[in-house]
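Q: Please take a close look at one part of this model. I want to know how it is packed and which side chains do the packing.

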Amino acid sequence: MDEGRPRARAEERGGPGKGDGTTIVAPITPAGAGAVSLLRLSGPEAFPIALRMTGVDSSRVSPRTLSRCTVRGGKGEEIDSALVVFFPAPSSFTGEDVAEIHLHGNPVLVERAAAAACDLGASPAAPGEFSRRAFQNGKMDLTQAEALADLIAARTTGAARAALRQLKGGIGEAISPLRGQVVSLLTLLEASIDFSEDEDVPLLSSEQTLERVSELRAQVGRCLASYARGHRYRDGATVAIAGVANVGKSRILNRILGEERAIVTEVPGTTRDYLSGEVSLAGIPLRLVDTAGLRDALDPVEREGVRRSREIIASADLTLFVLDGSRPAHGGDLEAYREVADRPHLVLLNKRDLPAAEEGGRFRGPGRNGTIPLSAATGEGVGGLLRAIARDLAPEEDAIMAEAPLTRLRHVEAVRKADVALERAQEAVGNALSLEFIASDVRDAAQALAELTGEIAPEEVLDAIFSAFCIGK
Amino acid sequence: MSVVEYPKEYDVVVVGGGHAGCEAALAAARMGCSTLLLTINADAIGLMSCNPAIGGLAKGHLVREVDALGGEMAKTIDATGIQFRQLNTSKGPAVRSSRAQADKQLYRLRMKQVLESTYGLDVKQVMVDAVFAEGGRAKGVDTNLGIRYRGKTVVLCTGTFLKGLVHIGLVNFPAGRAGDFPAMKLSDSLRELGFSVGRLKTGTTPRLDGKTIDFSRTTPQWGDDPPLPFSFGNKEIRRPQVPCYVTYTNERTHEAIRSGLSRSPLYSGVIQGIGPRYCPSIEDKVVRFADKERHHVFLEPEGLETAEYYPNGVSTSLPYDIQLKMLRTIPGLEEVEIVRPGYAIEYDFVDPVQLSPSLETKAIRNLFHAGQINGTSGYEEAAAQGMVAGINAARRVSGEDPVVFTRSEAYIGVLIDDLVTKGATEPYRMFTSRAEYRLLLREDNADLRLSERGYRVGLLPEARYEQFRAKQEGLSSLLAVLETSRVSAGHPLARAVLAAGGAPVRPGISYAELLRRPEVTGALIVSHDPDLARFSPEVVSQAELIVKFDGYLRRQEDEAKKLKKYEDLKFPSDFPFESVYGLSTEVRDKLVRVRPLSIGQAQRIPGVTPAAVALLLVALTKGRAVTQTGG
Ligand SMILES: Cc1cc2nc3c(=O)[nH]c(=O)nc-3n(C[C@H](O)[C@H](O)[C@H](O)COP(=O)(O)OP(=O)(O)OC[C@H]3O[C@@H](n4cnc5c(N)ncnc54)[C@H](O)[C@@H]3O)c2cc1C
Ligand SMILES: Nc1nc2c(ncn2[C@@H]2O[C@H](COP(=O)(O)OP(=O)(O)OP(=O)(O)O)[C@@H](O)[C@H]2O)c(=O)[nH]1
Ligand SMILES: [Mg+2]
């Protein structure tokens, strides 16, 4: 067996790499430049992750040789057809296992592929981190070092420009006020720790602390939601149409697409496999998927169709659950509903052109407002449906990040870290831990956000304390 | 003037008998070096220039660390303290700090006595005018009497004395502190050696005559009962304890202060040096926080045998008449007499970016700086540095590598790293928020963190080392017991938890799991298991902390470990920061100024970006490649 052959399991390879045990990923070609973009993975999990993303059979590739592949995202969606190459440790750029994926030169594709790698356990590389690892593993000779310095110097100016752009109306500006609030809470906490002797420093009660932490978490949550949204603008969203047989799912699909995509008959079980079509709604590319009616089918083909429907529903951003409004809801409807109840969904009451039999009110799901009446036959109510879909996928009212949604993975990682730290702070307050623990969590949150806005130094907090309070006896 | 050589050459010459100098001289002598301590006034050895108190938030930590290493400050305050208090007890285990009022004269005398009884340590009263250096190496000092004392190493601990200028209103005069000669020449000698010398300012309060204070109009404030000692080697405090008194300024006080601002050296621009923001004068507070109706004033006794009181909170450099007018508006001080006026003092300091973390200067080998000369303020900050400088001077003499503490190991590490990496632009005081691994750096575990080091360098006495080992072993065995012992059904502990209002205990859970519950204490567990009676309360509370806050402690430990690898990436001493490819001019200037020892330190210099760090890494490898091919 070829020693250098990439394998699916990282443990088998006792590579000499000396990172911190994590696997990192980042594009290594400047964004938007050139016909090919290179995505590099480095670390103990680089091979397993790359193999899963590219679906390449590990027994068929040899090291340092390009293989054709299709890069797929977490939901199996195709991202790009690409080339992948594996460099086993120690003969790689970083001295660790390295996989490089050559994608078409489109920043969106690269970002999506990087996101897919992160879903599989990689973390975004910090600037210069590949070189740092290379250095640590003794992988750079004189000429390489020279060349690399050139590259980094070039990238630094680019990065500086990008950072500047971000500060002006971008991420930095959007995150800054949030981080400002985290730091100001930290200031209060630190002030009451370091200057408790000074009567002048107001002490936060645990209720006040909890309130402020919760408010911060809500804001962080909105930022993260904006990522989901920013993500949808870029990657699109999947909307499944589900319900029992014959309620009009296929006809609704056709109505929205404006074409006769799916076969519509009065025979229950007409749709055997899922069918999809693309539309653009409020700027979001929508993939609408018509599914086989949810029921315990006997026919093996139909049964397979139902299984696939379930898969689609499980991964969809939103499911339209359809009821036939011309007949009373029955046990089958209730059973089918159970499959969507925990997922984001809207309840549709179709066939409103026929005399109504019953209101679908009992299907109210959490956070949803009743049902959406429509008629796939006449088109009545379809506008309302589209508005409801748009509202669900891209809510506007919480558009804290409307101008600059979090789109970069690093941003999201940072905000998520902040969220985790704030959650810990909430727990700490709840468990009546003393101030210094809460402060430690809030500091972690500030630190995490600092990755988007710049450094946090202890001096920053002290400066704030000195200017805000009368300190010193 | 012709120079006369003193007949003896010393291993270590320490200049200055303040808090830094005393620790430096003791450390060096105890490590076996022939040591000379030179100071302007032998009666002022170990004198507290300002507040008659040791410790306080974050400062208490420094005192405990100095003690864990085998220093003197904690033992001295334990012997001479007249009020002890634990501060911040409700804020959490790591930010809890000790503070004590000292009998100022007793403190000084006891410190002097310890110096005098230390074998190998000579103390002499003399003014040092210059560092004697040849070929980039310090070789001794020259004094105002024309005597040259030779030393293999020199440690400067000159405090506020370098070109000290005292201000009281618009009156000013040279002094090292009120009542002491200034050192007018030494800082010029440092300038000539190439050091960049700056100017800082600090201030102190008037001292009041206690028999003219009406204490009935104030509120007494007592210390803790029983008082808890600073030193890990002491079990109790025997000296009688006394109260402090609290009173307040009022609108009339502020009015009096405002009436004197035009004659304030601060507000009229006479003072050029930068003062500490955390220790503002009362005029500063009144001007900057104009809407505050009152500021508190603590009347602290200067000792048991003196009537003098230190009114903490009214540091001032206002003219004498205004000081008196302002004080007499304060309840209890209506008829007060001032013994010594408050004043501000400007002094020369040597920017500490010119030091390596060993506190040796980069420009002159064998020359060390410690204490306020490095831009810090505070006795504890001074003592901590004195200790490190003394140790490293001694190690230089014996040809050993310097001892350097990391930021995750000790406040001493935070202090020195901040100084040598960021420099001082205002007087530097320690705060707990400066320590990013604050949860790890507690007063209670200072011995566990540092005593091994103290013993290894030859400072911590055998008996103290044994004591530390016993605590360490007790702790690890108790931790093991807590993990393995389980609460069986009907265990008295289960009943005790219920009785204490806790939820029922599931049989089979470990003591450690039980201890994680907020309502369960280590003492509760220990008192219900006779097998655990052998563990001291100190060990029990230590274990309790470790078990209860495991998650937090571990996170900080992991973080510290992650960063350690960058500390291990060292620059060679001749690393050409000037010519690293690709750096911006701004970043390059910063690197050249600080000359960091490691990638880790470089990362902490404000303004050094991650990209710059990557470039440094590249340059580092390049350097290696060159030396490899060259050699
Ligand atoms: C007016 C004033 C106000 C202060 N206010 C505060 C405050 O509010 N908070 C705070 O934390 N700290 C304050 N301090 C600072 C505190 O006193 C010092 O930080 C601490 O004492 C510094 O210790 P050190 O050992 O560095 O120097 P010092 O304690 O100043 O000791 C210096 C010693 O060096 C000797 N010496 C100096 N030059 C020479 C020479 N050329 N030759 C021989 N011997 C020499 C002196 O005689 C003295 O013994 C204040 C100090 C002063 C003077
Ligand atoms: N009157 C009326 N009839 C409708 C409407 N929507 C669907 N139908 C009819 O209902 C029947 C089933 O429609 P389909 O769209 O095939 O239903 P389906 O839910 O896709 O059914 P399966 O694929 O079998 O699960 C057809 O005869 C449609 O013409 C409507 O809004 N009004
Ligand atoms: Mg159908």
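A: Helices (H or I, at least four residues) and strands (E, at least two) are DSSP runs, numbered from the N terminus. On that count, chain A holds 13 helices and 12 strands. This is a predicted model: local features need pLDDT of at least 70, side-chain atom pairs count only at pLDDT 80 or more, and totals for chains, interfaces and linings use all residues. Residues are numbered from 1 along each chain as its sequence is written, chains are lettered from A and ligands numbered from 1 in written order, and side-chain values use heavy atoms, without hydrogens or water.

Now the close look, in chain B. Helix 1 of chain B covers residues 19-30, and helix 4 of chain B covers residues 104-116. They pack at about 25°, with axes (lines fitted to C-alpha atoms over the stretch in contact; angles run from 0 to 180 degrees between N-to-C directions) 10 Å apart. Helix 1 of chain B and helix 4 of chain B are therefore roughly parallel (under 35 degrees).

Which residues meet? Helix 1 of chain B brings B:His19, B:Cys22, B:Leu26 and B:Arg30. Helix 4 of chain B answers with B:Tyr107, B:Met111, B:Val114 and B:Leu115. Contact here means heavy atoms within 4.5 Å. The residues of this contact divide into six nonpolar (Ala, Val, Leu, Ile, Met, Phe, Trp, Tyr, Cys, Pro), one charged (Asp, Glu, Lys, Arg) and one polar (the others, Gly among them).

Back to chain A for context. Among its contacts between residues at least 6 apart in sequence, 68% join residues at least 24 apart.

Notes. Angles under 35 degrees count as roughly parallel, over 145 as roughly antiparallel, 65 to 115 as roughly perpendicular and the rest as oblique.
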